[in-house]
Amino acid sequence: LAVFDLHGATIQPIDYDDEDARQNNVDLLYDVELGGATRDLAVVTERGLDHLRVFEIDPAGSDAPDPLTEVTVPDPPHVFEGDTDIAAYGLASWKGSDGHAYVAISQRHRTKLVLVRLVAGGGNSVGFEQVDSLVLPSSFRLPHGESWTPCTEEEGEKPQVEGMVADARRGFLFAAQEDVGIWRIPVAGSAFAEPLLIDRVREFGQEYTREFDEEEEEFVCDIDESSPSAGSDSLSADAEGLTIYPLPGAGRGYLLASSQGSSTFVVYDLASLRKLKTFTIGDGVTDGVDNCDGAMVVGLPLGAFTQGLLVTHDGDEEPGDDATTFKFTRWDDVANALGLVIDTTTGDPRG
């Protein structure tokens, strides 16, 4: 885990003595009331140890020498089974209408999601308790009646979820099942309700062969591009990072999704879920964005980003390079190119 400023400089890298520690995804919660105090928190999936880490954010922000202080309860429980190969993976957090802070957590190599509620621990610490769970499908009925299962790269692996985002205003969780598509899941109160698959990856329903690569020690999927697709023409596996740009009015805004297989981004109307646009982030001050795992858009003015900021993971720092980075893109550059709305007030996370 690391904290960066708006110039891309590292303010605070966080390392652990435990060599098994491995953080995977992070999300933020604002004005959380726990243990008699109101705090801003960063929640992180600890993939290496299968639990959730919680950090308090210093109100001084980037002016603080160390903006994050870990406040996880001692000996936190496992989120899933304690097996690091099928441990806590993706997450999304939000404040519910009941005032509680919730976190949805996905399981690596499985289709299960759990819903946890943050609770006060001893002293200043923060823990969590599970309140619900949901298992998404791993096989699907195609229009012509046959059953189809996505191709996976490891024996026994199921199509996992990583990218998620909460639409707290309307009580929905959006979850990207990488080899399947994007789900909208109602999260009324402290429970999951019936999921709806709102878009499918282009490879959905296509035929494939699967062979083991001895050098990479994993299975390689060869998709038959000539076979019929029951999926989208704009979302290519893996479906990855999801983020929401809210606009004034009930349910208005944009849902942005990373189409990792095509190194593009898809923009959906948040209310109707109709596809509006696709775009790429090309070379500029830095190289462009490819193979994006995660993304987050903020509509508020942030430093030099006076009309909002889109932060994206870049899976290839240079073509063929294994290094990964994060890239900053002005939201107004995206919005003006695509004819989207710019609003610098509605996205205030403090409401």
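1. In this predicted model, V266 has T278 of strand β22 as its bridge partner. The pairing that joins strand β21, residues 264-269, to β22 is antiparallel and runs over four bridges.

2. These two strands belong to an open sheet of four strands, ordered β19-β20-β21-β22 and paired in the antiparallel sense. The edges are taken by β19 (239-246) and β22 (275-279), each of which has a single partner strand, so that one side of each is left without a neighbour in the sheet. On average, and with direction ignored, neighbouring strands of this sheet are turned by 20° against each other.

3. Helix α1, formed by residues 331-338, packs on this sheet and touches β19, β20 (253-259), β21 and β22, while its direction makes about 120° with that of β22.

4. Some backbone angles deserve a check, since most residues other than glycine have a negative phi, and most peptide bonds are trans. L273, which is found in the loop between β21 and β22, has a positive phi near 65° although the residue is not glycine. With a relative accessibility of 13%, L273 counts as buried, because the cut-off for that class is under 20% relative accessible area.

5. A positive phi, near 55°, is also found at D50, again a residue other than glycine, and D50 lies in the loop between β4 (37-46) and β5 (51-57). The relative accessible area of D50 is 0%, and the residue is therefore buried.

6. The peptide bond that leads from A237 to D238 is cis, with omega near 5°.

Note on methods
Residues are numbered from 1 along each chain as its sequence is written. This is a predicted model: local features need pLDDT of at least 70, side-chain atom pairs count only at pLDDT 80 or more; totals for chains, interfaces and linings use all residues. Side-chain values use heavy atoms; hydrogens and water are left out. Two strands pair if DSSP finds at least two bridges between them. Axes are lines fitted to C-alpha atoms, for helices over the stretch in contact, and angles run from 0 to 180 degrees between N-to-C directions. Contact means heavy atoms within 4.5 Å. Buried means under 20% relative accessible area, exposed over 50%, partly exposed in between (1.4 Å probe, protein chains only).
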